[in-house]
Amino acid sequence: MRPGAAASRGGPASRAPGEERALTSVAAGDTYEGERPADQPRLWHVTLSVSGGEAPLTEVRRALEQLAHDHPFLLTSRYANDHAEIRYWEEARDLHDAAAVALRLWGEHRQTAKLPPWEIVGLEVIDRETYHQRISEGYGPLPATPVGVHPF
């Protein structure tokens, strides 16, 4: 065990030196009793944050407007000369699919929309119920109004 690490609960107290710990996960789309079937699409609220070297504001705005034109699902974009945030609703089977689409968005449209060569620095994907719960409790991303492309 690593120094300071606690023994696992319910399992062996230690592993042999060099022995790897087995990792387990739930496959994308797996459901538990009482959950909706995995093949039904759901709505996911996506916030994609990008950042990089400075670019002229007029070019950033034009590029984001082109991206919104090419993909009308984009709800709102906020931008500065070195970063931007894109928010939209995605229909997908599960979080894995919604996140995969979001992570491809910037790179796949960099040339066609002439987007700045920025990297993705943040991604949040939450289901519709969580989004509405956050709004009703007074925290989380405010509803995207006005819709469109706006400076920070």
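Is Tyr131 buried or exposed? I looked that up first. Tyr131 counts as buried, at 7% relative accessibility. Buried means under 20% relative accessible area, exposed means over 50%, and partly exposed lies in between, with a 1.4 Å probe and protein chains only.

**Ground rules.** I am working with a predicted model, where local features need pLDDT of at least 70, side-chain atom pairs count only at pLDDT 80 or more, and totals for chains, interfaces and linings use all residues. Residues are numbered from 1 along each chain as its sequence is written, and side-chain values use heavy atoms, with hydrogens and water left out.

**Overview.** I listed the secondary structure next. The chain has three helices and five strands. Their pattern along the sequence is β-α-β-β-α-β-α-β. Helices (H or I, at least four residues) and strands (E, at least two) are DSSP runs, numbered from the N terminus. Of the 152 residues in the chain, 27% are buried.

I then checked contacts, meaning heavy atoms within 4.5 Å. I took those between residues at least 6 apart in sequence, and 71% of them join residues at least 24 apart. The accessible surface is about 10100 Å², and carbon and sulfur atoms hold 52% of that. Accessible areas come from the Shrake-Rupley method with a 1.4 Å probe; for residues, only the protein chains shown count as cover.

**Aromatic pairs.** How many aromatic pairs does the structure hold? I found two. Rings of Phe, Tyr and Trp (its six-membered ring) pair if their centres lie within 6.5 Å; planes under 30 degrees apart count as stacked, over 60 as edge-to-face and the rest as tilted.

Trp89 and Tyr131 have ring centres 5.0 Å apart and planes at 80 degrees, so I logged the pair as edge-to-face. Trp89 sits in strand β3 and Tyr131 in helix α3, so the pair ties together parts 42 residues apart in sequence. Trp89 is partly exposed, at 24% relative accessibility.

Trp106 and Trp118 form a stacked pair, with 6.2 Å centre to centre and 5 degrees between the planes. Trp106 is in helix α2 and Trp118 in the loop between α2 and β4, twelve residues apart. Both Trp106 and Trp118 are buried.

**Helix α2.** Helix α2 covers residues 95-108, which makes 14 residues. From first C-alpha to last, α2 reaches 20 Å, close to the 20 Å expected at 1.5 Å a residue. The expected span is 1.5 Å times one less than the number of residues.

Which residues of α2 are buried? I noted Ala98, Ala99, Ala102, Leu105 and Trp106. Seen down the axis of α2, they fall within an arc of 110 degrees, so they line one face of the helix. The arc is that of the directions from the helix axis to the C-beta atoms. An α-helix has 3.6 residues a turn, so residues three or four places apart point the same way.

What covers the buried residues of α2 includes β1 (42-51), α1 (57-70), β2 (74-79), β3 (83-92) and β4 (119-127). At the N-terminal end, Asp94 caps α2, with a side-chain oxygen 3.2 Å from the backbone nitrogen of His96.

**Helix α1.** I repeated the check here. α1 also has 14 residues. Its buried residues are Val60, Ala63, Leu64 and Leu67. They cover an arc of only 95 degrees around the axis, which puts them on the same side of α1. Thr58 and His69 are exposed on the other side. The buried residues of α1 pack against β2, β3, α2 and β5 (148-151).

**Single residues.** Thr47 is in strand β1 and is buried, with a relative accessible area of 9%. Leaving aside neighbours within four places in sequence, Thr47 is in contact with Glu85, Ile86, Arg87, Gly122, Leu123 and Glu124.

Arg128 is in helix α3 (residues 128-136). It is partly exposed, at 41% relative accessibility. Not counting residues up to four places away in sequence, Arg128 touches Leu43 and Trp89.

Lys114 is in the loop between α2 and β4 and is exposed, at 59% relative accessibility. Lys114 has a positive phi of about 55 degrees although it is not a glycine. Most residues other than glycine have a negative phi.

Technical notes. Polar contact = N/O pair within 3.5 Å; in protein donor to acceptor, adjacent residues only side chain to side chain.
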